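Have the sequence and the 3D view open side by side. Then follow the text from strand to strand.

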Amino acid sequence: TEYDEECHLLSNIMPPAAVNGSYHVVGFEAIIDPRTAAHVHHFVVSAAMSCDARSRDMSVVWLWGPGMVGMTMPPEAGVRVMIGGFKALHVQIHYDNPQLLEGLLDSSGFAFYYTSNLRTNDAGVLQIGDPNLMLIFQPIKDTDGPGYSSMTVSNPAAECTDKWAVEEVTVFDRALHMHKAGERMVTRQYSSDGQLLRTDSVDYYDFFQSGGFSPRSTGSGFKIKRGDYFDVECFYYSKDDTDKIVRFGLASNEEMCIDFLYYYPLQKQGVCNPSLQSLRAPVALDSVGDLGRSFGSCTGGVARVRQRWDLSALALLGALCLCFTLPV
């Protein structure tokens, strides 16, 4: 496992005439080098005011994983850049080379599409579950050998929605994310008085088919109000061919449990840590039947069909491509 970090000031990569303008980024598209596609684990693209790695205003704006191609923002939202918006793009690229192959050079990257026709709202990404890996080094299963397990983390309103400057935000897409041991994932949203508002899930998770799964239940979008809180439950299977206990961590053979929600309007609180009380030991499950899958339902387990790219209708000012030639 290897991580590469890149940062690019938008003033250096956008046309000179664009420096004094205000724009919305309205689409992202992955460009994966076919020679090294098997080794590109994911991208995370964040926007910030500068290339200072300590920048506190950094906000995730797009992520890519296997099975994903790109995304377009809804007509009412976009990521604001240049005047009145972000000035730099940070790119984190995760490579996976378990065979330790030598001589590999990757030229993958991504394109982003922008317009001077500003939308009504600035968009961002809300991260719930365990985005900062507070579970790092925790095993996903208490016992050795193959078997199923589950882990639930809670995101209280005090660490999340209570800090918003608005009464509600609109979610228009999401990406449920685990790694190779992930089997199923469920997010439950509760109101401030404890009422279950909605349940979103992926009943059969396969990292290589969709490293960021968008469930059909997202539909045309939904609301999150100030005071709402979340439980995020992740299910795993430790295979019998593993030679060590799988733990939470950054590596490809370690695990995560994160729900990335694309939303508007943008708020300063975009990362919601789990409560310490919810960081408990995993629960052992007896069999695959304990995963609670519900195949064929309209609310979970089936990825919704993303709209085909139709950028001609967006009145775009331009598009830019960032590609990197890096050793894997």
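Two strands pair if DSSP finds at least two bridges between them. Strands are DSSP runs of E with at least two residues, and helices are runs of H or I with at least four; both are numbered from the N terminus. This is a predicted model, in which local features need pLDDT of at least 70, side-chain atom pairs count only at pLDDT 80 or more, and totals for chains, interfaces and linings use all residues. Residues are numbered from 1 along each chain as its sequence is written, and side-chain values use heavy atoms, with hydrogens and water left out.

Start at β14 (residues 182-190). β14 pairs with β17 (residues 229-238) in the antiparallel sense, over eight bridges. In this pairing Tyr190 stands opposite Tyr229 of β17. β14 also pairs with β15, again antiparallel, over six bridges. Here Thr187 faces Asp200 in β15. β14 and β15 form a hairpin with five residues between them. Gly194, in the turn, has a positive phi of about 90°.

Now widen the view. An open sheet of five strands runs in the order β15-β14-β17-β12-β19, with antiparallel pairing. β15 (196-202) and β19 are the edge strands, each pairing on one side only.

Finish at Ser278. Ser278 sits in the loop between β18 (258-264) and β19 (283-285). Why is Ser278 counted as buried? Its relative accessibility is 2%. Beyond its neighbours within four places in sequence, Ser278 is in contact (heavy atoms within 4.5 Å) with Thr152, Val153 and Ser154.

Terms used
Buried means under 20% relative accessible area, exposed over 50%, partly exposed in between (1.4 Å probe, protein chains only).
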